[in-house]
Amino acid sequence: MAVGTVASRINNALALIEPLTAIDGVELRYHDTTLYNSVFRFDNEMIVNMHVYGLPGAHAPALHLRQLPAGDMFETYMTSFEHVWSNATPER
């Protein structure tokens with residue numbers, strides 16, 4: 001995928017997501033961290049979309065995780081998410 005294509009995909013995703021910030025409790029932040037997956041968190045649930053070389057995100061595997069009393073997979077991704085979130089900014 002060409003670099004220009006990646007920028008276009010990012011801008012398209014932002015155009016679709018940004019209107020959601022008008023909803024009370026929804027927050028969008030920006031960062032420049034190199035990531036190996038995309039994490040979308042919703043209270044005690046999250047979707048983790050793995051980045052796979054050569055595949056667009058829509059064709060890569062995704063995990064639907066729920067926070068449970070036992071197990072640590074949710075907590076592992078949550079810790080990663082919180083590190084990126086704490087250094088991200090609400091403005092682009």
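## Salt bridges

E27 and R29 form a salt bridge, with 2.8 Å between the closest N and O atoms; the term stands for a side-chain nitrogen of Lys or Arg within 4 Å of a carboxyl oxygen of Asp or Glu. This is a predicted model, in which local features need pLDDT of at least 70 and side-chain atom pairs count only at pLDDT 80 or more, while totals for chains, interfaces and linings use all residues. Residues are numbered from 1 along each chain as its sequence is written, and side-chain values use heavy atoms, with hydrogens and water left out. E27 is partly exposed at 44% relative accessibility, and R29 is partly exposed at 23%. Here buried means under 20% relative accessible area, exposed over 50%, and partly exposed in between (1.4 Å probe, protein chains only).

The count of salt bridges comes to 3. Another one joins the side chains of E82 and R41, at 3.6 Å from N to O. This pair links distant parts of the chain, with E82 in helix 2 (residues 73-87) and R41 in strand 1, 41 residues apart. E82 has a relative accessibility of 35% and counts as partly exposed; R41, at 36%, also counts as partly exposed.

R66 and E45 meet through their side chains in a salt bridge of 3.8 Å, N to O. R66 belongs to strand 3 and E45 to strand 2, so the pair ties together parts 21 residues apart in sequence. R66 is exposed at 52% relative accessibility, whereas E45 is partly exposed at 32%.

## Chain overview

The chain contains 2 helices and 3 strands, arranged along the sequence as α-β-β-β-α. Helices (H or I, at least four residues) and strands (E, at least two) are DSSP runs numbered from the N terminus. Along the principal axes, the C-alpha atoms fill a box of roughly 45 × 35 × 20 Å.

Of the 92 residues, 16% count as buried. Among contacts (heavy atoms within 4.5 Å) with a separation of 6 or more, 38% come from residues 24 or more positions apart.

The open sheet has 3 strands in the order 1-2-3, with antiparallel pairing. Strand 1 and strand 3 (62-66) are the edge strands, each pairing on one side only. From one strand to the next, the twist averages 15 degrees; axes are lines fitted to C-alpha atoms, for helices over the stretch in contact, and angles run from 0 to 180 degrees between N-to-C directions. Two strands pair if DSSP finds at least two bridges between them.

Strand 1 and strand 2 are antiparallel and pair over 6 bridges. N37 lies in strand 1 (residues 37-42), and its bridge partner in strand 2 is M50. N37 is buried at 16% relative accessible area. Leaving aside residues up to four places away in sequence, N37 touches V48, N49, M50, H51 and Y77. The hairpin of strand 1 and strand 2 has 2 residues between the strands, and D43 takes a positive phi near 55 degrees there.

Strand 2 (residues 45-50) is joined to strand 3 by 5 bridges, and the two run antiparallel. The bridge partner of E45 in strand 3 is R66, and these two residues also meet in a salt bridge.

## Surface

The chain exposes about 7200 Å², of which carbon and sulfur atoms supply 57%. Accessible areas come from the Shrake-Rupley method with a 1.4 Å probe; for residues, only the protein chains shown count as cover.

L16, I17, L20, I23 and V26 make a nonpolar surface patch of about 430 Å². Patches are made of residues with over 30% relative accessible area and no salt bridge, with like charges joined within 9 Å and nonpolar side chains (Val, Leu, Ile, Met, Phe, Trp, Tyr) within 5 Å. I23 sits in the loop between helix 1 (3-17) and strand 1 and is partly exposed, at 46% relative accessible area.
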